[in-house]
Each structure stands twice: as C-alpha cells, then as structure tokens.
Amino acid sequence: MNTIYYLIQNMLPVAISLLLVALGGMFSETGGIVNIALEGIMLFGAYFAALFVYFVQDSGLNPQTILLLGMLVAAIAGLAYSLLLAFAAINMKADQVITGTSLNMMIPAAILLFSKMFFFSDGITTRINFYIRKVPILGDIPIIGNMFFQRTYLTVVIGFLILIIASLVFYKTKFGLRLRACGEHPHAADSVGINVQKMRYAGTMISGVLGGIGGFFYSVGIMDGNVNGHTGVAGFGFLALAVMIFGQWRPGRILFGALFFAFLRTLAYSVSLIPFLYNLGINQTYYRMMPYLATMIVLAFTSKKSRAPKAEGIPYDKSSR
Amino acid sequence: MQDKNGLYKKRNLDFKSITKSAGFTSLSSALMAIFLGLVFGFFVMLFASPPNALAGLQYIIFGGFNRIGNVFYFATPILMTGLSVGFAFKMGLFNIGASGQYTMGLFFALFAGFMWDLPPGLHWIVSILAGMLGGMLWGIIPGLFKAFLNVNEVITSIMFNYIGMYLVDMMVQGSSIMYTADKTRTKYLPQSAQIPSLGIPNSNVNLGIIFAILIGIFLYIILEKTIFGYELKATGYNKHAAEYAGMKGKTNIILTMLIAGGLSGLGGAFFMLSPSGIAGSSMTYEPINIIAANGFTGIAVALLGNSHPIGTIFSAIFISHIQRGGTLASLVGYKPEIIDLVIAVIIYFSAFAMIMNTTLARIIESRLEAKANGSDDTVDNMVEDKKDSADDMKGAE
C-alpha cells in the first residue's frame, strides 16, 4: 500500500505539469497554430520564475505565497515568449513547425549563456522548499488523505483548478466556440465576423501562459527547484503534445492521458523501490524509454481517426478561399 | 510622357528579372536572416558585457578564418545532417529526427570500429557504411509511421530522438570494449577504423568533408536529374496533385526518410571516425543523456541553404565558421553558447525572411518609382506592384 501511495504522490506533480502544457497546446492548436515551441515556452517560464524565486527566497515570505507569485511570473514570461511564435506564424505566415523549433533551440542556449556568465553554473537552483508534508485536516482522511494531501505540492490543487477553468472556457463560452471555429474553418469564422488573427493570437497566448506555468511546476515538482540549460524540461513539451493528441484535443481526455504518461514516468524512475520490478533485473534505461515508446504505441492506434483541428498549421490567408 | 513610361517599364523588367529569380531571393533572404541573427547576437553581448561586445563580434565573424582546417572539420557532420533535413524538406517532411539518426549512425560506426577486425584499407569504409545503416534504421521508422499510420513525422522523430539517445548511451556504457568508465567516455578507436586525415597542420580535417561535399553534389543530381527527384519535389509542392498523377506517395515517403536517415547516420559516422589532433587518438563520445546538438544545427544549415544541396554545403561551412568564431569569443569572456543563440535566431528569421524581403523590396521599389516617375503614374505602378508581390507571396509559400 505504501508503494501505491508513493507512486501516486510522485505521479501527481508530473501529471499536473503535463496536463497544463497539454491544455496550452490544445488552446493553441484548436485556434489553428501548431505549437511545437511548448518545450521552449516551458523552459522560459520556468527560468524566469526560478530567477524570481532565487531573489526573494531569503525575504522571509511564506513559501506558498512565493509559489503563487512565481507562477504569475512564469505565466507572464510564457505569454511573452509565445508572442514570438504568434507574430511569426500569424503576421508573417511563417512555417509554424520551423519557428517553434527555433524557439526551442533559443532558450537552452540563452540559459546556458546567462547562467554561466552570472551564476557560474548551468542554471539556477533555488533553495526554498515548496513541499507540503501534510495538509491540515484533509491529510488525516484515510486513503484519500494519503493519496492526495500528504507529501504533495500546492501545484496539484492549482492544476486541477486550471483544468476546470480551461474546460469551462473551452466549452461554455463564446470565446471557446469561436476559437475552435478558427482552427476548423477560419474562412467560415471570418465570414461571420470573427477576427481570425485576434483569436489565433489569443489561443497562442493562452498556450504561453499555461506552458510557462507548466514549466515552473515542472521545476518545482520534479527538479526540486533546479532549472538548467542542459536537460531543460527533458522533452516534456513534446510529451505534452503527445498527451494532447492522445486526448484528441479535449480537456477531459487530456487529463486521462496526462495521468497515464505521468504514471509510466514515475514507475520508470522508482523501479529500485518496487521489489517486483527491481528483481526482474531489466536495465533501468528501458524503463526511462517507456514514456516515449508508449507515446508511439498510443499514437499508432489513435492517429488514423484523428480529430485534429482541420486548419492547424495553415497560415490564414483571406484571399485563398 | 509616353516614351518615358515605356523606357521605365523596360528598366523595371530588367531589375525584376534579377531580383525575382529563385536563387537570388533565397540568397538574399538567407543573408537577411544571418544579418539579423548577428545583430541579435551583438545586442546580447552588449547586454552581457558592453566593453567587449565589439571584440566579441569580430571574433565571431572573422575568427574562423584563422582555423580554416577546423572549420571544414566541424562542418562535416552538420553538412550531413543539413543535407538530411533539406532532403526531407524537399518532400515536405520535417526531419527533426536528424539528431537521433545521427546518434544511431555514430553508434553503429563505433560498433563496427571496435568489434570487427578488418584489414586497414577496408575497416574505416565498412565503419562508415555501418553508420549509414544505423541512420537509415532510425530514419525509416518515422517514414513507416507516417505512411501507414498517419502519425506526424515530427512527433515520431522527436520520440525516437529520445529513445535512440537512451538506447545508445545504455549500450555504450554497457560495453567495456568501447567505454572507459573512469573517463566517462568511449575509448580511442583502432587506427584502421579512422578516416584518413588530410594532413593539414593544427587541424583534424579528414577525408570526411570531401565525401560530404561529394554526397551533396550527388544529391543535387538526384533531385534535379532523376525521375525520383522529380517525384519527390512534386510531392513536396502538392501531395494530392502528385498522387493524382500516379506517384506512389507512401513509397516515396518511406524512401525519403530512409535516405534522410542514412545521410544523418553518415554525419554521425564521419564525426565519430575522425582522427583527432594527437597521434593515435580519435574522437570520443560521452554518453550523458543529451540529444545530439549537431542534428538540430542541421536544421539551421538546411534552412539557411534553402534545402538546396549546393546551398547547404555553403551554409554548413558558414555555420561552422561562426561556431569556431564563437569558441574564440570566449577569449573576451563570452561563452560559446552565444553561437547556438545566434543560430536559433537565424532559423527564426529565415522562416519568414522571404516574406520580409518581398515586403522590403516592395517598399524600396515603390519609393524608387515615385522618385523616377514623379507623381503622375505612381498609382499605376503601385497597382502593378501589388499584383507582383501577391505573386511573390504565392511563390514563397
């Protein structure tokens, strides 16, 4: 039982990070912009938030307050970075995949450059502890308390809140409907007076916000406050894209996908704690490959009847009707 | 008035026939992207440490000339990955998996170099071919996924970059013949498996660069002079039209990815099998779970060369040149990562440099016309220009 608690406790921060970024990807792609740059956006948000935490960690503020403020910083940074993608893809009608790739390459290099010059290391490590050993009252509930309210982070609760808000925006507002129209059939949307460019900007910016927050949560929940240019976010931006495709661009299924991938990853990194798997004597590297392999297997089965937004990746051109 | 107008139109035509040729546009947009990338790099340096920024920029731009041998040496692998990415681009596929194919090629070459005992003249050739095979193996996977399962090649490639990297690092670390644990690096390859050096003093440049350039020229011939190349480009321009015309889309996708993978694999082999400056030693590989950067640099190389094999040769040499300059910039306190940043910015701008150029050209031309013609017929020309630029936009897409 303790092993199961351990797995769930460790899985949730991973899942939340994936969930937020995948939701970001969903908003961007349903608007019609393929966002390969999520990896870079995550790292950008995480780095700025880490910088912020680094400078306020000795100020005596409550760690959870710092976490919330850091989240805000990450969101703003991610938003700013996503504008680069939006500008290239929407105004300049550039190839979205190439632009995204360049944005992914830019950030690790920039982080290494600045960290080496100003911190004399590959990145930033913050000393503050955001870890919550046990939530008062809720943590005492048997089983559920063990699973969700012990040895956890505030990020988990925030993540679920964001999921609810995102689903409401996506399904229940005029904005969500219009955004989806712009990804499916921008010309039709345009003909009824929706400003396709603005909607696509909005979608990309939301993905920037969620990507930045997701990146910060990654550094908090998985890297213990370290952000560096070498490992970056270890392909989480891409995994999130896979989660998004797995979830068929729908919030509920994305949550399911995020939990699934997070479980695989957590399992891979805790093989030595699970006697059964450890005794099998399989090289641990195989377990590390598992999330990526699982992605491929899942995609192989889901891509045939993909419900991808029809106009994603295609620059909107009024005259090409 | 009549005369003047006719004269003007003729001159206008001549000017356009130069500026509108495909080669000129791609060259000028590449130069534009490079210029903007360097300007950006300069500003970053200015921000990081103002007094040395100018010296740093000088090192980046001119530093490579002092180490011309090494410029060619480091150009070899990125030329191969660049050709790989560019070749797939021609077909409309984005081979972001060059890194994984490169790593796989590197491992296969390493394996053949260590494990097989072959006569000296043959060993390195077989090792190179083994590298190509490794790359092909990793290249065909995204092709198969794309052709039969409709999975986007970008996602497949990225996933297999990680899988390949983990796999190779595990296998390298698991072999005591290839790997020395206390140095955390591979051992030196036997002499017979190393590509013969060109013997230029103070540099590691070897036959690999010659092969790479020849392969580039060979690819050019394939693309321009064979039916396969024609089909490939046709599919890249318009997939549906190509299929309607009876071209086998699926086979071509798989074949393209196979070749692209082989090219990246060769890049890995050329990198791995190089002799290094000190006699008896060779290049080593450090398995530290990081995706090979040379694959991503290949994307920059291909974009800058407009996916044209010959253009790619020049852009690989150029990128290698500023990379060498970048390492020299550490003499004035900048880290070599500045170049990765500059390269990323170059890619960013080259993704829309073509459109930027036509916009710029339109502004300049209409200014020129306004000056040359007075105000009478400017409107006329403006209309004409708009039509032209609309054509351009279509061309750029």
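Predicted model: local features only at pLDDT ≥ 70, side-chain atom pairs only at ≥ 80, totals over all residues.
As for handedness, H4(B) passes H12(B) in a right-handed crossing.

Who actually touches whom here? On the H4(B) side, the contact is made by B:Pro77, B:Ile78, B:Leu79, B:Thr81, B:Gly82, B:Ser84, B:Val85, B:Gly86 and B:Phe89. H12(B) answers with B:Asn294, B:Gly295, B:Thr297, B:Gly298, B:Ile299, B:Val301 and B:Ala302. Sort the residues of the contact of H4(B) with H12(B) by class and you get eight nonpolar, eight polar and no charged.

Stay with H4(B), residues 68-90 of chain B, and look at how it packs with H11(B), residues 249-272. Their axes are 7 Å apart, at an angle of about 175 degrees. That angle is why H4(B) counts as roughly antiparallel to H11(B). From H4(B), the residues that meet H11(B) include B:Thr76, B:Met80, B:Leu83 and B:Phe87. Among their partners in H11(B) are B:Met257, B:Ala260, B:Leu263 and B:Phe271. This contact of H4(B) with H11(B) splits into twelve nonpolar, six polar and no charged residues. B:Pro77 of H4(B) turns up in the contact with H11(B) and also in the one with H12(B); B:Thr81 and B:Ser84 are likewise listed for H11(B) and for H12(B).

Now hop over to chain A. Which way does H1(A) run relative to H9(A)? Residues 2-30 form H1(A) and residues 196-221 form H9(A), and the two pack at an angle of about 170 degrees with axes 8 Å apart. That makes H1(A) roughly antiparallel to H9(A). The crossing of H1(A) past H9(A) is left-handed. Among the residues making this contact are A:Leu20, A:Gly24 and A:Phe27 of H1(A), along with A:Ile206, A:Leu210 and A:Phe217 of H9(A). The class count for the contact of H1(A) with H9(A) is twelve nonpolar, eleven polar and no charged.

After H3(A) comes A:Lys93, with a positive phi near 55 degrees.

So how do the two chains meet? Chain B puts 33 residues in contact with 38 residues of chain A. On the chain B side, H6(B) (120-149), H7(B) (153-174), H12(B) (293-304) and H14(B) (337-350) each give two or more residues. H7(B) supplies the largest share, ten residues. By class, this side of chain B has 28 nonpolar, two polar and three charged residues.

Finally, zoom out on chain B. The domain assignment gives domain 1 as 29-351 and domain 2 as 356-397. Taken over C-alpha atoms, the centres of domain 1 and domain 2 of chain B are separated by 40 Å.

Definitions and conventions
Residues numbered from 1 in each chain as written. Chains lettered and ligands numbered in written order. Axes fitted to C-alpha atoms, helices over the stretch in contact; angles between N-to-C directions. Helix = DSSP H or I, 4+ residues; strand = E, 2+ residues; numbered from the N terminus. Parallel < 35°, antiparallel > 145°, perpendicular 65-115°, else oblique. Contact = placed C-beta atoms within 7 Å. Nonpolar A, V, L, I, M, F, W, Y, C, P; charged D, E, K, R; others polar. Domains from an automatic or database assignment. Left-handed = near helix turned anticlockwise from the far one by under 90°.
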